[in-house]
Structure formats: C-alpha cells, structure tokens
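Keep the viewer open as you read.

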Amino acid sequence: MTWENKKIPFIVLSIIIGVVFCINSSAYCWQTKDPKLAEDFAKLLGFKVKDKVGKVAPEIKPGMTIDGTNYKQYPGLAELLPKSLYDRMDPNYYAPMAPIKIKETDQYHLGRGWIEKSMLSAKTAKIGADGLTLEGYVGGYPFINPKSGVELAQWADNDYLGDTFAMRPMRLRLYGRDNKPERELRQHLNVLRYMNCTDWMPQGIQPNPEKIHYVASGTFIYPKDISGTSYVRKRFIPADKPDEFLLFVATMRRIRRMSGRDTQDPLFGSDLVWDDYNIYWQKLSTKDFPNDYKILPAREMLLPTYIDYDWPNDRASAGYTDYNVDESGSQCFLNYGSWQRRWVYPLEVTSRDKAYCYSKRYLVTEPETCVQLQTEMFDQSGRLWRDWVRDYNLSQTGVGIMEELIDIVDHINHHRTILDFKGHKNPTWMGPEYADVRFLSKKAK
C-alpha cells in the first residue's frame with residue numbers, strides 16, 4: 001500500500017505520521033495519559049518546567065543536532081551543559097559525547113498518590129534537632145520548595161523510584177582507556193520501600209520496628225567468577241543510624257558485613273561506587289563522613305529525554321531504537337534519542353572528612369520527578385574524577401519510574417562504565433524476603 005493510492009483525510013494522515021514520529025524517532029514526546037493530573041501536579045509545584053526554560057542560549061532550538069563538528073558554533077552550549085559534559089563534546093576527549101538532538105521541553109509528572117503524600121508532608125515534615133534527620137515525613141516531596149541544602153539533600157535521599165522496582169537485568173558495561181569494551185557484569189537488582197510509599201502499597205510494610213526506610217539488594221548473575229555474589233543494604237530513617245550492609249561472597253561462601261568505608265569501593269573493577277548507586281547513595285550522617293550541603297541557584301540544563309515502555313519489553317522492541325549503546329566503531333558512543341531543556345535544582349555537597357573518596361559533589365535534581373539526572377564528583381585534590389548523566393523510563397500515568405541508561409566516566413584514569421537497564425516498575429511480587437541476603441544467596445544457586 002502507498003499513501004498515493006489511498007484516500008486518507010489530510011488531518012488523519014498528519015496524526016498518524018505524528019504518532020509514528022513521536023514514538024520511533026529522536027523527537028519522541030512524553031505525553032501524560034491524565035491531563036487533569038498533569039495540571040494538578042503543576043499547581044503543587046507552582047510551575048511547569050517548560051515555562052521556566054528557553055531564556056539561556058535561545059539560539060539553541062528544537063530540531064537542531066549538535067556534535068563534535070559544530071558545537072563551537074554555539075557558545076551558549078557551555079551554559080546549558082556542565083563542564084564535564086561540554087568538554088566531552090570535543091571528539092578528541094576521552095569518551096566523546098554522541099550527537100545531541102534537541103527537542104522541545106516536555107511536562108513530566110508523578111502520580112496522584114505522590115501529590116497527596118506531598119501535601120501531607122508539607123504540614124508535618126521538618127529537619128530534626130541534629131540538623132539532618134527528616135522528621136514527620138510521610139511521602140512525596142520532603143519539602144515542595146526546598147530552601148536549604150539540607151532540605152534539597154532530603155530530595156536526593158527520598159527520590160522517587162516507586163514503592164518497589166526491579167532490574168532484570170542491570171548490565172554494567174565496562175570500557176578501557178581506548179573507550180572500547182573490556183568486560184560486562186550483570187545483576188538482578190531489587191529496591192523495596194518500607195516507609196513513605198505512594199503507589200500500590202501506601203501503608204508500607206508493617207510492622208517495621210527498626211524504622212527501615214528502604215532496602216536495596218542484588219545478585220550478580222554474570223560472569224561466572226562473580227555469579228551468586230549477593231548484597232543487601234538497609235537504609236534507616238534516623239540520620240545517625242548507619243546502613244546495615246551485608247555482602248555474600250559466593251567464591252568464599254561467606255557473608256561479610258560492610259562498613260561505611262567499604263561503601264566507597266567500586267564494584268568489581270567498574271566505575272560504579274557503592275555510595276554512587278542512584279547517583280547519591282551515601283548515608284546522610286552528622287558523624288560518619290559528614291557533609292555540608294549548599295543549595296545553588298536553579299538553572300536551565302540540557303538533559304536526556306525520558307521515555308516510557310512497559311517491562312518486559314526492551315527499548316528496541318518498544319520502538320526506541322535511537323536510545324542505544326553503539327560499539328560498532330573505533331570507540332563506544334552512548335546515544336540518548338534526544339535532549340531537552342530542563343529546569344533543575346543543583347546541590348553542592350562538600351565532605352568534611354578528608355578520608356572520604358570525594359571532596360565535593362554537584363548533584364542536579366529534576367523537580368517534576370524528584371530524581372537526580374547529572375552529577376560531578378571531585379577527588380580530594382579538587383580534580384574532576386567522575387561524572388554521571390542518565391535518562392529515565394517514566395510511566396505516562398506518573399506511577400513508576402526507572403533508570404534507563406547511565407553514562408559514568410572516570411576523567412582521571414580514563415575508564416568508563418555504562419549502566420544499561422531492563423526493569424520492572426512496581427513489581428507486586430517483591431516482598432521483605434528480598435531484604436534477606438541468605439534468601440538471595442540461595443536464589444542465586
């Protein structure tokens with residue numbers, strides 16, 4: 001069939017072409033399935049991100065593609081990208097950026113439960129006497145409009161990834177100094193929230209006498225030399241109650257208790273540090289590796305566009321073929337289908353303890369989804385060490401969000417790790433047994 005020999009009304013043809021274009025190209029449009037919810041969410045925040053952006057470097061417009069051959073023609077690009085990413089626009093830099101395809105800004109939102117819990121928290125949430133513990137929080141935004149570094153740090157510590165989520169699998173793709181593949185690791189990752197839930201189990205998991213906030217666990221399934229290695233990390237509500245972190249080492253058939261210092265170690269030769277999970281996983285504490293938190297002025301930034309598809313599909317079968325890891329050439333390129341202007345809240349995290357691996361970190365939080373999209377980490381001498389950039393898979397109902405692709409670059413040692421996910425939003429089959437390292441170790445056999 002050709003379009004020429006069928007009498008299709010022009011408006012219908014335009015709609016069909018538009019739908020195909022949005023789904024299968026870099027112009028993908030994230031569109032809500034609940035316009036009333038989207039409006040209510042904007043009222044909660046007090047703004048729409050798309051109304052905030054467009055003032056910086058207005059010459060950079062939707063439809064443009066910026067890459068290593070033309071980026072210097074757009075000096076305003078340096079204002080829209082952090083230096084760690086702008087430097088990588090140079091094709092001679094380590095792990096250079098793939099082309100950035102610009103699209104218009106979407107309006108994202110989370111679910112109705114998030115709104116309701118945010119409004120409840122707004123009445124009761126506060127920072128405790130220790131200056132760090134979050135008290136009176138029941139879910140949603142810890143503070144709808146954060147006014148201090150500590151309040152914004154609570155966004156990072158309570159960011160939304162659903163009541164539960166699972167990755168089946170989470171791939172860690174490792175690259176060497178030539179930016180070519182070296183090794184791949186795979187694990188099954190699980191996150192179960194005990195308190196402050198918003199979706200399918202709003203009461204959380206009861207009883208919970210330990211005041212567990214959430215548990216992240218995982219089992220490595222590939223390659224053979226680490227297969228079966230499992231871990232469980234419990235995060236507690238009180239700031240100065242350290243995480244309980246257990247690791248089952250399959251080769252030794254022993255359970256090892258990890259300390260706060262162990263959480264600074266990278267995973268099996270990758271560039272993923274335990275404390276960098278989910279961009280910022282360090283336990284907030286006034287005693288163990290304490291930090292100072294400073295909120296910086298909100299700003300525009302170019303960041304990858306969110307997509308949406310349901311597990312167990314993958315990106316390609318769901319139509320998003322331009323979100324991919326391309327290893328076919330002389331070096332690897334990570335392609336995000338499109339980038340767009342976002343309004344973000346930057347946070348400066350400065351370590352008070354010189355023994356900690358980082359001296360300073362900059363986190364970028366996206367207000368419409370309360371997640372971190374980009375970060376830079378500096379070593380104790382002040383050199384840029386690692387940077388992260390990520391996109392997300394966000395349900396168009398607002399219920400369920402997962403990481404999609406994460407690019408981690410070590411600027412000092414010229415290593416790179418790309419995290420590549422295939423996830424399950426809010427899996428109802430996950431229960432407290434996934435907080436038991438013995439259960440995981442047996443499941444790994």
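## The largest pocket

Eighteen is the count to start with: the largest pocket is lined by 18 residues, and Pro242, Ser259, Gly260, Lys283 and Asp288 are the ones nearest its centre. A pocket here is an open set of points on a 1 Å grid over the protein atoms alone, with protein on both sides within 12 Å along at least five of seven lines, and a lining residue has an atom within 4 Å of a point. This pocket has a volume of about 260 Å³, where volume is the space filled by probe spheres set on the points, which are joined across faces, edges and corners.

The lining divides into 6 nonpolar, 5 polar and 7 charged residues. In this scheme Ala, Val, Leu, Ile, Met, Phe, Trp, Tyr, Cys and Pro are nonpolar, Asp, Glu, Lys and Arg are charged, and the others, Gly among them, are polar.

## About the model

This is a predicted model, in which local features need pLDDT of at least 70 and side-chain atom pairs count only at pLDDT 80 or more, while totals for chains, interfaces and linings use all residues. Residues are numbered from 1 along each chain as its sequence is written, and side-chain values use heavy atoms, leaving out hydrogens and water.

The structure holds 3 cavities of 30 Å³ or more; a cavity is a set of points where a 1.4 Å probe fits but cannot get out. The largest cavity has a volume of about 240 Å³. Its lining has 22 residues, with Leu161, Phe165, Val191, Tyr277 and Asn278 nearest the centre. By class, these are 16 nonpolar, 2 polar and 4 charged. Strand 6 gives the largest share of this lining, 3 residues (strands are DSSP runs of E, at least two residues, and helices are runs of H or I, at least four, numbered from the N terminus).

## Helix 2 and helix 6

Which residues of helix 2 and helix 6 meet? Lys36, Leu37, Asp40, Phe41 and Leu44 in helix 2 touch Arg112, Trp114, Ile115, Ser118 and Met119 in helix 6 (contact means heavy atoms within 4.5 Å). This contact is made of 6 nonpolar, 1 polar and 3 charged residues.
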